[in-house]
Amino acid sequence: MTTRRQKRLYAGLSLLVGLAVTVGLILYALSENIDLFYTPSEIIHGKKETGVKPTVGQRLRIGGMVVEGSVKRDPESLMVEFELQDTGPKVVVRYDGILPDLFREGQGIVANGYLREGNVIEAFEVLAKHDEEYMPPDLAEAMKGIKHVKPSENPELGYQ
Amino acid sequence: MKNYKLLIPIVAFLLVSIFLYKGLYSDPTNIENANLAKPFPEFQLADLMDENRLYSKADLLGEYTLINVWGTWCVTCRVELPFMTQLRQQGVKIVGVYYDNAAEAAFGELDVRQTRREVTEMLAQLGNPFQFNIYDEKRDLSLDLGVTGAPESFLIDDKGTIIAHRRGAIDHRVWQNEFAPLLPNNHGSNLSEQQK
Amino acid sequence: MLPEIGHFSLLISLVFSVCLAIFPLIGAQKKIVEFVALAKPLVYANFTLLSVAFFCLSWAFYHNDFSVTYVAMNSNSDLPWYYRLSAVWGAHEGSLLLWVWILSLWTAGVAFFSSSLDDDDVARVLAVMGFIAIGFLAFVIFTSNPFERTFPMFPIDGRDLNPLLQDVGLIIHPPMLYMGYVGFSVAFAFAVAALIGGKLDATWARWSRPWTLSAWGFLTAGITLGSWWAYYELGWGGWWFWDPVENASFMPWLAGTALIHSLAVTEKRGAFKSWTVLLAISAFSLSLLGTFLVRSGILVSVHAFASDPTRGLFILVYLLIVIGGALTLYAWRADKVVSTHRYKLFSREVLLFVNNVLLVAALVVVLLGTLLPLVHKEIGLGSISIGAPFFDSVSSIWFIPFIIALSIGPFVRWKQDRFSRIKTKLFVGAVPAAIVAITCYLMLQINTFFSLLGVVLATWLAALVVYELITSGKKNPLPLSHWGMSLGHLGFAALVIGIAITKVASVDKSVRISPGQSVTVNNYEFKFTAVEQFEGPNYSAYHALFDVSNGSDSFSLKAEKRYYKMHSNVMTEAGIDPGLWRDIYISLGEQLDGDAWAVTANVKPFVRWIWLGGVLMVLGSIMCILDKRYRKILSWRAQRQPSEAGPVESVSANKVIEQKVKFE
């Protein structure tokens with residue numbers, strides 16, 4: 001028969017261990033899954049705030065305008081390649097899948113993917129900025145949802 | 001000793017509130033445009049209403065001009081038009097850059113006559129702030145300007161240098177704080193907030 | 001004229017709410033009977049006034065009164081009448097009006113069903129709810145008035161409702177969600193009133209339990225509907241996205257789930273008292289926080305440009321007053337609460353405590369994932385996004401201890417128990433779990449560890465729930481609340497099975513395909529037969545027709561792409577063949593050169609189980625509320641009404657109820 005004090009000690013200890021494990025797991029999951037946002041110029045020249053350039057293989061988010069006339073489709077599959085630009089240099093985005101409804105040349109998009117070479121991004125998700133309009137938040141809220149596009153074949157999803 | 005842990009929730013909540021407060025005031029419309037303090041890009045584009053009338057950068061020079069990128073499909077532009085019309089009445093030169101909504105192109109070719117009808121109707125209803133409208137059909141000018149949506153506005157001085165930029169609607173507050181002080185004769189600074 | 005009446009009702013209602021927040025509270029503290037007596041009439045008057053306001057706005061929508069700005073912006077005369085009515089809550093102003101109206105509905109409910117409670121306590125509760133109403137009414141009136149007119153020029157026709165919202169799911173989704181959000185205000189008000197009155201015994205827990213359960217039921221229904229809607233309306237078969245707007249509704253749900261379990265302990269055993277108070281405050285605070293996050297546009301800033309932060313600031317100040325006030329009161333008063341109840345390490349109390357800790361941990365993770373991007377940006381580290389991968393990987397670990405605690409919990413006795421006593425019972429679930437695991441492995445090719453574990457644990461849980469129902473039902477008939485609990489737990493098992501299987505066993509193929517060609521996905525052959533153009537009432541569309549068959553089973557499906565002229569908006573309407581064991585889901589992508597289209601064909605096994613789980617949980621909460629003990633409380637009210645009860649009688653009334661509850 002253990003004393004009550006001993007029991008409390010065990011309970012407290014197991015709580016502490018549990019807490020530490022939980023915090024550790026969460027931090028680990030976070031460090032694996034934070035995607036930094038870059039513009040095409042920032043991919044080439046480094047981030048505005050910090051000057052840090054993304055490394056090859058890094059997962060990131062990129063946002064910019066699809067350059068007019070740059071969309072090339074594979075005639076056999078859904079593979080598509082296009083250029084993105086903000087006001088500086090261009091980067092190339094490759095994507096295999098269905099593009100969102102509002103994807104069009106000269107239109108702003110956001111893509112999630114991996115940096116492959118210096119200026120090539122292999123996207124696993126392309127999101128159209130669903131409207132080109134700067135909306136008051138209430139309007140935007142009413143339109144909630146359309147930005148969701150399938151994260152196809154994302155190997156990082158915890159279930160693979 | 002025991003009481004301190006009861007303070008945890010309130011302290012955590014106050015910490016979160018500080019960030020919520022800061023987030024509220026970090027205005028995403030203030031994203032710096034790379035073209036600020038640079039000359040307005042060169043262009044050669046037709047009038048929205050008359051494809052034979054061509055404009056170039058020279059048409060914007062000689063006077064402080066507000067360039068407004070807009071479209072009839074854009075709700076916020078509607079909100080902005082009456083105020084801009086007041087600005088014009090105060091003597092501000094405003095030039096429109098018409099920006100088509102790409103989604104419409106998905107269902108058949110865009111019909112410029114249809115667009116013109118809509119523009120005429122909308123300007124008649126809400127007021128017409130524009131001296132003229134440039135039709136940026138291929139969006140080259142918009143891309144050069146780094147425009148990512150509508151409405152978006154640029155103020156250029158008499159030599160064609162971009163001196164101010166705004167993403168989203170210009171209202172009385174924004175005009176008063178960010179644009180009016182840059183004008184040589186402080187146009188529109190005496191506008192009251194009676195619009196609506 | 002009607003819009004002006006609506007506006008005027010709002011103004012009077014604001015005045016009444018101010019009175020409601022002040023006089024009954026003073027009355028209860030200083031024992032002024034006249035002030036206390038003011039509470040209920042004020043509540044009913046408020047409810048009537050806000051109903052009038054709500055009716056006026058609905059009327060304006062129904063009759064296409066485009067002189068009202070809000071109507072002109074969100075409706076159109078082409079819209080069918082039911083969408084015109086649901087457009088009332090289609091945007092900011094109207095949904096806030098709905099929020100306030102629902103608050104007045106809950107307040108009136110509390111006033112109506114609380115006759116057997118002490119008048120002073122009721123007065124405090126109603127005053128707190130009146131205080132909550134002040135902020136939202138002021139917000140509606142001063143920053144988001146839905147009755148504003150477009151004079152002098154008004155449009156001939158409206159701008160139409162956002163096409164995404166023109167859907168049956170979206171007619172009922174917001175009211176359900178708001179019933180849930182706002183419903184937590186009752187538990188909040190009970191908790192705060194208990195803190196103010198200094199009566200932190202188990203009474204408040206007993207009274208707020210049915211209210212909390214019904215709010216939780218509504219919120220569950222709202223979230224389930226939202227997920228189902230996203231599945232068929234957004235066009236690629238996702239059912240949960242972990243986006244800030246969804247997280248905003250998920251956080252109160254987690255807190256609410258913790259609360260209904262912790263309330264049970266507080267009510268039955270008198271333990272966890274101060275923790276339950278904190279949860280009751282948190283559940284509603286998180287609802288308010290969610291409203292703030294959504295309404296201020298602070299987190300959805302990708303496409304929301306807050307040109308004017310006044311609205312956001314207004315809610316933030318309000319949050320500081322309500323949440324900050326409640327938490328301060330908690331820090332100040334809650335140390336007086338002593339839970340004298342003792343229990344051993346292996347007891348139902350501890351397992352429920354584990355359940356609470358896990359739910360709160362999940363809550364903290366979701367909060368962290370939602371707010372971290374904001375914090376990251378504000379401290380100058382640049383924009384980041386935390387999406388589904390983070391939440392998915394955390395929740396795939398989280399559910400393991402949660403399900404284990406959930407399965408064992410109902411078998412363990414209150415206060416103290418021995419593991420050896422229940423050990424053998426736990427094996428009952430092992431056989432079905434093993435069978436299901438092998439079946440899943442062989443039939444559905446589920447071979448990832450976490451999914452298989454998910455299915456196994458969920459089956460084990462379900463088997464134990466059924467076993468527990470059978471064994472404890474033998475001795476005496478089970479109360480409805482017991483059935484409700486079991487149903488809720490079964491719902492959770494169904495949810496886990498649905499998620500685990502559909503995450504791994506779903507197969508999809510995105511292909512380039514022309515009419516006449518076909519594609520095979522998971523034994524199903526999809527034959528693309530034709531594309532047709534179609535003109536809807538306020539949109540034009542392409543219909544893509546498919547014949548689907550897998551030998552035994554064949555049917556045709558129609559996937560659609562719509563273009564809404566008024567909003568220049570393109571929408572994908574998926575073609576879905578639903579089934580308990582699998583969904584077939586086709587969505588139409590873009591038109592490619594020639595007559596080819598990009599098309600995604602999906603086979604999604606068990607995806608319906610996710611919403612089935614939600615439905616079971618809602619049914620469970622309904623059964624709990626319909627339980628005899630709560631009905632007895634209500635029927636007691638009916639008996640008592642004819643003879644106006646004096647104070648002595650009301651004390652005895654409470655005692656009787658207490659005995660009845662104990663008897664359960």
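This short talk covers a helix pair in chain C, a sheet in chain B and a strand pair in chain A. Keep in mind that this is a predicted model.

Let's start with chain C. Look at helix α8, residues 203–233, and helix α9, residues 244–269. They pack together, with axes 9 Å apart. The angle between them is about 150°. Angles over 145 degrees count as roughly antiparallel, so that is what we call α8(C) and α9(C). Which hand does the crossing of α8(C) and α9(C) have? It is left-handed.

Now, who makes that contact? From α8(C), the residues include C:R206, C:R209, C:L213, C:W216, C:L219 and C:I223. From α9(C), they include C:F250, C:W253, C:L259, C:I260, C:L263 and C:E267. By type, the residues of this contact divide into twelve nonpolar, eight polar and three charged.

On to chain B. This chain has six helices and seven strands. Along the sequence, the pattern reads α-β-β-β-α-β-α-α-β-α-β-β-α. Chain B has 196 residues, and 36% of them count as buried. Take the contacts in chain B with a separation of 6 or more: 76% of them come from residues 24 or more positions apart.

Next, the sheet in chain B. It is open, it has five strands, and the pairing is mixed. The order is β5-β4-β3-β6-β7. Which strands sit at the edges? They are β5, 132–135, and β7, 162–167, and each pairs on one side only. On average, neighbouring strands in this sheet are turned by 20° against each other, direction ignored.

To find the spot on screen, go to B:G96: across from it in β5(B) stands B:N133.

Last stop, chain A. Here strand β4, residues 79–85, and β5(A) run antiparallel. Seven bridges join them. One landmark is A:Q85, which stands opposite A:K90 in β5(A).

Why the every-other-residue pattern? Because side chains in a regular strand alternate between the two faces of the sheet.

Methods
Residues are numbered from 1 along each chain as its sequence is written. Chains are lettered from A and ligands numbered from 1 in the order in which they are written. This is a predicted model: local features need pLDDT of at least 70, side-chain atom pairs count only at pLDDT 80 or more; totals for chains, interfaces and linings use all residues. Axes are lines fitted to C-alpha atoms, for helices over the stretch in contact, and angles run from 0 to 180 degrees between N-to-C directions. Helices (H or I, at least four residues) and strands (E, at least two) are DSSP runs, numbered from the N terminus. Angles under 35 degrees count as roughly parallel, over 145 as roughly antiparallel, 65 to 115 as roughly perpendicular and the rest as oblique. A crossing is left-handed if the near helix is turned anticlockwise from the far one by less than a right angle, and right-handed if clockwise. Two residues are in contact if their C-beta atoms, placed from the backbone, lie within 7 Å. Ala, Val, Leu, Ile, Met, Phe, Trp, Tyr, Cys and Pro count as nonpolar, Asp, Glu, Lys and Arg as charged, and the others, Gly among them, as polar. Two strands pair if DSSP finds at least two bridges between them. A residue is buried if 20 or more other C-beta atoms lie within 10 Å of its own, exposed if 12 or fewer, and partly exposed in between; C-beta atoms are placed from the backbone.
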